[in-house]
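These are my notebook entries on one protein chain. I set down what I looked up, topic by topic.

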Amino acid sequence: MSGLSTDEQQFIANVRTVTEQQLLELAHTGVEGRVNRPLLEEMGRTGLLRSLFGGSPDEVPSDAAALQLCLLRETIAEISAEAETALALQGLGSYPILQSGSPETIERWMPGVVAGTTIAAFALTEPNAGSDAAALELRATEDGDGWRLTGEKIWISNAPEADVYTVFARTTEDAGARGVTAFAVAGNSNGLSGDHLDLLSPHPIGRLKFDGVRVERTDVLGEINAGFKVAMRTLDLFRPSVGAFAVGMAQAALDMALDHVSNRKAYGRLLADQQAIAHTLADLATRVQASRLLVHNAARTYDAGATRAEITKSAAMAKLYATETAQAVVDQSIQFHGAVALERGHRLEHLYRDVRAPRIYEGASEVQRSIIARELFKERVNAT
């Protein structure tokens, strides 16, 4: 793969081998829409969960490396979207704990996350707060040295089965994004309940209800009323890797399309010999490669410690272009295959359901366009 070092290419090869030989079968044995604990434990045993975070494999994780995360997600997604989703949700839910938790909170949760025995989840969205995350209504009411959480979260990854949730709650009324605090909340907390949601996408997603759930001061992630910064730092890291997930799915669909048209005949000719089909595939392959390069650029921008504005814009571009491209590639591959690809259980049928959600979560495509435009106008003002 162009532009990658020998070590990065070796990392990809190792991840591919582990996924194909040790994860693929486990991924297929899970129940759709539920957490696959055996799969996550195997990811922990093989070291893939440790690869979510930067540094050497034998070191205790202390941060994340964006490019490594992207290479990890793309490689697994090309082989198994189920395995990739399980890994990614684990990282999304736990990274705020690693980046902003107290030493006690990190020690309580992170060893299990890396081992695959503790399931983590990111609980931001609410019924009335989706794209407008600053409109959170889940209340954190002071109670002695801690708080009581009351309200509801919806479309939450790994809910209601997770062992720990990164929860964003309102600690100051009428303060918008500046009145939100992040907490690490145990999944077995008194007053916390939930149920599964049956979605088109085959991901473990659910609703959570908080009825006076107690959290302590040690459960705060970051600073009080600064939880939105915790969320944005996490999303800036993970947005390029959502693009990487999309690239992996797009590459899988493109490969399937190439195999199909190279063997399927219609009207006495291979589909591959028809110029309209060959040109369509050329355009799709170009878009996949452009997506990959945008993802890598966004990841390198993050790893280089660029300004927040540069990181935000490049991450938004990568996620927007890669997820929209993946949707188009999967859809066109199905069109080439015909009705067989619509049969329940066909890999393209599964990919079609998998590929739809990334255009919505962690910032819908429309939100990414707004972010990009905002940063463009800021740059123009600063340049004058």
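Where is the place of valine 35? I found valine 35 in the loop between α1 and α2 (37-46). The helix and strand labels follow DSSP runs, numbered from the N terminus: helices are H or I runs of at least four residues, and strands are E runs of at least two.

I noted the basis of the entries before going on. This is a predicted model, in which local features need pLDDT of at least 70, side-chain atom pairs count only at pLDDT 80 or more, and totals for chains, interfaces and linings use all residues. Residues are numbered from 1 along each chain as its sequence is written, and side-chain values use heavy atoms, with hydrogens and water left out.

**Entry on valine 35**

I then listed the contacts of valine 35, leaving aside neighbours within four places in sequence: Leu40, Ile119, Asn158, Glu161 and Pro204. Contact here means heavy atoms within 4.5 Å. I also recorded that valine 35 and glutamate 104 are 69 residues apart in sequence, with 26 Å from C-alpha to C-alpha.

**Entry on α1 and α3**

Two packed helices are described by the angle between their axes and the distance between the axes. For helix α1 (residues 6-28) and helix α3 (residues 66-79), I recorded an angle of about 40 degrees and axes 9 Å apart. The axes are lines fitted to C-alpha atoms, for helices over the stretch in contact, and the angles run from 0 to 180 degrees between N-to-C directions. The two helices α1 and α3 are therefore oblique to each other (angles under 35 degrees count as roughly parallel, over 145 as roughly antiparallel, 65 to 115 as roughly perpendicular and the rest as oblique).

Which residues of α1 meet α3? I listed Glu8, Phe11, Ile12, Val15, Arg16, Thr19, Glu20 and Leu24 in α1. Their partners in α3 are Leu67, Gln68, Leu71, Leu72, Thr75, Ile76, Glu78 and Ile79. By class, this contact of α1 with α3 has nine nonpolar, three polar and four charged residues. Ala, Val, Leu, Ile, Met, Phe, Trp, Tyr, Cys and Pro count as nonpolar, Asp, Glu, Lys and Arg as charged, and the others, Gly among them, as polar.

**Entry on α8, α9 and histidine 337**

I turned next to α8 and helix α9 (residues 347-356), whose axes come within 9 Å and cross at roughly 160 degrees. That makes α8 roughly antiparallel to α9. In α8, the residues that meet α9 include Val330, Ile334 and His337. Among those of α9 that meet α8 are Leu348, Leu351 and Tyr352.

Histidine 337 lies in helix α8 (residues 308-337). I noted that histidine 337 is buried, with a relative accessible area of 14%. Leaving aside neighbours within four places in sequence, histidine 337 is in contact with Met256, Ala257, His260, His346 and Leu348.

Why is α9 largely enclosed by the rest of the structure? Seven of the 10 residues of α9 are buried. The buried residues of α9 pack against α4 (81-100), α6 and α8.

**Entry on isoleucine 224**

I found isoleucine 224 in the loop between β8 (220-221) and α6. Isoleucine 224 counts as partly exposed, at 40% relative accessibility. Not counting residues up to four places away in sequence, isoleucine 224 touches Trp147, Thr171, Thr181 and Arg217.

**Entry on the backbone**

Which peptide bond is cis? I recorded the bond from alanine 159 to proline 160 as cis, with omega near 0 degrees. Proline 160 is in the loop between β3 (146-157) and β4 (164-170).

Aspartate 174 is not a glycine, although its phi is positive at about 55 degrees. Aspartate 174 lies in the loop between β4 and β5 (180-186) and is exposed, with a relative accessible area of 79%. Glutamate 362 also has a positive phi of about 55 degrees and is not a glycine. Glutamate 362 lies in the loop between α9 and α10 (365-383) and counts as buried, at 15% relative accessibility.

Definitions and conventions. Buried means under 20% relative accessible area, exposed over 50%, partly exposed in between (1.4 Å probe, protein chains only).
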